[in-house]
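These are my notebook entries on a single structure. I recorded what I looked up, entry by entry.

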Amino acid sequence: MAAPTLQQPSFLLANLKADSTNKSLLQRCQEIVKIIEEYPAKELHSVLPWLVECVFGSLDGVIAGWNLRFLHPRTNEYNIVKEFLDPSGPMMKLVYKLQAEEYKYEIPVNYLPGPVKSSIQEGVVPDCPLFHNKLQFPLSGLLTLNLALNPFEFYMFNFAHCLIAPKNLPPGQHGTSTDSAYFVLVDTYLKYFLPTEGSVPPSPFSDSRGSITAASTRSPSVAFTGYGIHSPSLLKHHIFHQPSVNADPAAQEIWRSETLLQMFVEMWLHHYSLEMYQKLQSPQVKLAVLQYRLSMSSMPLQAHVPPGTGNLHTYQVLLPFHSPPPLRGILEEPFTPTEEHVLVVRLLVKHLHAFTNSQKPEQISPSTHSHTHTSPLEEFKRVVVQRFVQQKLYLFLQHCFGHWPLDASFRAVLETWLSYIQPWRYTGEKAIPQADQNRNVPEKWASFVQENLLMYTKLFEGFLNRAVRTDLVNAKNALMVFRVAKVFSQPNLAEMIQKGEQLFLEPEHVLHHRQSRGYLTPSQGGSYLSPRQKVVTDTVFRVKSHVYALEGQDCQYRQMFGSDLRAAVLKLIQIIAQARQTAKRIADHAVEVATNNSFLSWFGLGSPDLNNTFNGNEPEESGELVKKTHEFLDRALDNLCEIFRLNPGQLSQLIANLGSSQDDVNSRQLPECVQGETGLILTDLGRRQIMNGQRRFEIDYQGDPELQPIRSYENALLVRLMFRISSFVNERFEGRMGTLCSRPDFLGRLGRHYLSGPEVRPRQSPLSRRTLEGQRMPRLSLRILASYRTLLILLLWYLLGTLLSLGPVSSTLLILTGGFLFGVFVTLFGDKLKSH
């Protein structure tokens, strides 16, 4: 249908904005579908930015949009949104329609992840085609730089940014659900643009410009003066000058796949702390990188040497001897990803493994000369994980390991890590029905383990540092330790890791004779379509280049099976054994309490002493979960012994030293503390002792007994009522009670029995002198009458009186007389009874 020509684009956009306030979501979507069908790209150009903001919200989080992250299947709008944003739906059709033209959309650099933004604002362009030839220089300087993106890049940028944009949670909503519209759309986009079977469906419109353009060097005629730049050559671009993919029609098959993946990786994984950023940008690291490149090549350093090793090799230093000073305040706070963010990253990791493992068998050939017939999609599968994801995911996980709270929410990070280091789980093959721990890791994955050595060893070390500071009596924390131990205990995996470490420790003199190497490192975030480099097949070189690429040539590598880490594992085993004993003690105590407390415990006839009750750290830490804790820790011990080949005799001796008798003695001791200016201060060991239940403070209530918290065996209304009556009597007759209790004769002793409060231990309590003196004054306490036990006894007495034909008054007089006679008896013979 031909588009109407009477209406101008501004009127079209104005009408859409007006409709957005007074029409339902379904009506709006139907209206937009008609407009996309009827109007040409020229008039739809101004609609896309407004529509993207309506859907995903504004980049600063002020406009919430459709709240995709909190839209669940139980809502009416869920299916409408899914169909509208489907990869083959109306929204993507609008993107493709505009993609076929020369349209560009600007994104402020300020909304890029912190390290990327800081790098660009300091005059360094990240080594990724997403940022090359797209910088727009306004007159106001570098702080207001913009990126000019094509429609597909613009749409995917906003879609990816929606996950990390600051959002106010709607009432009653949580952002960690895996059935939200956003999570489902991410999964749909990954399956559509990174298919494990078949190829990416073509665009419905002719697209001659929707490709990753060549990263050619900016013309020298473009002047940067006045923009806060020191030199016209400051913004250097990607050193691999790849040709436009238009030269190869087959490459059009995957340019959207590559763009989507790079956008997801740059927006979701390019986050780490300010300390990490400053470390990676330090001149010392850059100098070490240059020295390593020179040492690894027998040819002089040329302009086209690929990005070398070193910690932020994805960034290029433009003025090595005169770089601009870092901008302060750019990264004031370290980035803390949410649990939802990590779950989406895990989804990406799992799909990329499945995508890579879906290569056709004939394409996985060891020969480096058999890829002339390889399709772009198959070639993309071959290099996608190592080239695009490895480095940034390593930094992302390392940051999470160091900054995530020590609680059970770390499970999301843990499972993301475990998913990455087990690519054999996502081969699409049906698992043989046998126990997972009995399945060997196939030998074909040895190269993956070696080329991702730090993912196994360095992050395992980071997990150990967390585990020894975690409360392992908590079933959820015990489960995480068990999960890691189970994964690393898979047959063949420990041997593969050990072999990788041996390769890394090989001497380097055998590598110096090699020719110039255009090896593929994770730093090459650019398109794989660049001229293919010689891949060095030497495994020693590949392992070394991996470690140096992620940690720098001067890294101090600690072997996973070395003495230092082995000592840390033994320490963890000791903590696990202590946590097992604590869990067993909790379980035994719970059984004992359940046995002793009968129905009468509701009336307070059970054990009312709450100070001596030892509970778990969380309300659910009892019963079945405590049994689960013991089971998880037992299996974790077995797996750790299998991984590190620990001597059963030594392990038994280590656990025997932590016997129940010694543990009981330790539990009665104070945790380790140091004397500070304000009193005792817990040390790190003391905190671990408390968390694992090894030692604890004896907590006794030493305040005013009348102000104790209301117990479960007391009636709250009666407690408050009796307190008011007691306070009134004590204030009214304070002098007379004091005179009575100060007498040395029998009446004084009897008064002190009924009116004096319990002895207070001031040396262990920070009570003021006035408070202590107030507690020593004789006073009446009626709180005992609010106890269910007392009320039950009184009820039984009145029932007995009724059976004996006694009225309420007579029963009350008998009770008071009995109480008085009991006090007289205790006053006369109390001292003799105590001596006996």
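Entry 1, salt bridges. In this predicted model, I began with helix 25 (residues 684-691), where Arg687 and Asp684 lie three residues apart, about one turn of the helix. Their side chains meet in a salt bridge at 2.9 Å, N to O. I noted Arg687 as partly exposed, at 42% relative accessibility, and Asp684 as exposed, at 52%. I also followed salt bridges that share partners, and these join Arg346, Arg411, Glu415 and Arg483 into one network.

I next looked up helix 9 (residues 181-193), which holds both Asp187 and Lys191, four residues apart. The two side chains form a salt bridge with an N to O distance of 3.1 Å. Lys191 is exposed, with a relative accessibility of 51%.

I then turned to the salt bridge between Lys392 and Glu266, at 3.3 Å, N to O. Lys392 belongs to helix 14 (residues 376-403) and Glu266 to helix 10 (residues 255-268), so this pair ties together parts that are 126 residues apart in sequence. Are these two residues buried or exposed? Lys392 is buried at 8% relative accessibility, and Glu266 is buried at 5%. My count of salt bridges came to 20.

I searched the whole structure for disulfides and found zero. I checked two cysteines for accessibility: Cys400 is buried, with a relative accessible area of 1%, and Cys641 is buried as well, at 15%.

I located a nonpolar surface patch of about 730 Å², made by Ile793, Trp797, Leu800, Leu803, Leu804, Leu806 and Leu814. Which helix supplies the largest share of the patch? Helix 30 (residues 788-803) does, with four residues. Ile793 is found in helix 30 and counts as partly exposed, at 44% relative accessibility.

I traced an open sheet of three strands in the order 1-3-2, with antiparallel pairing. Its edge strands, strand 1 (105-108) and strand 2 (135-136), each pair on one side only. Strand 2 is joined to strand 3 (residues 146-149) by two bridges, and Leu135 stands opposite Leu147 in strand 3.

Entry 5, whole chain. I recorded 31 helices and five strands. Of the 836 residues in the chain, 48% are buried. Among contacts with a separation of 6 or more, 80% are between residues 24 or more positions apart. The chain exposes about 41,800 Å², of which carbon and sulfur atoms supply 57%.

How values were computed. Residues numbered from 1 in each chain as written. Predicted model: local features only at pLDDT ≥ 70, side-chain atom pairs only at ≥ 80, totals over all residues. Heavy atoms only, no water. Disulfide = S-S within 2.5 Å. Buried < 20%, exposed > 50% of the residue type's maximum accessible area, 1.4 Å probe, protein only. Patch = residues over 30% accessible without salt bridge, like charges linked within 9 Å, V, L, I, M, F, W, Y side chains within 5 Å. Areas by Shrake-Rupley, 256 points an atom, 1.4 Å probe, with all protein chains shown as cover. Salt bridge = Lys/Arg side-chain N within 4 Å of Asp/Glu carboxyl O. Pairing = 2+ DSSP bridges. Contact = heavy atoms within 4.5 Å.
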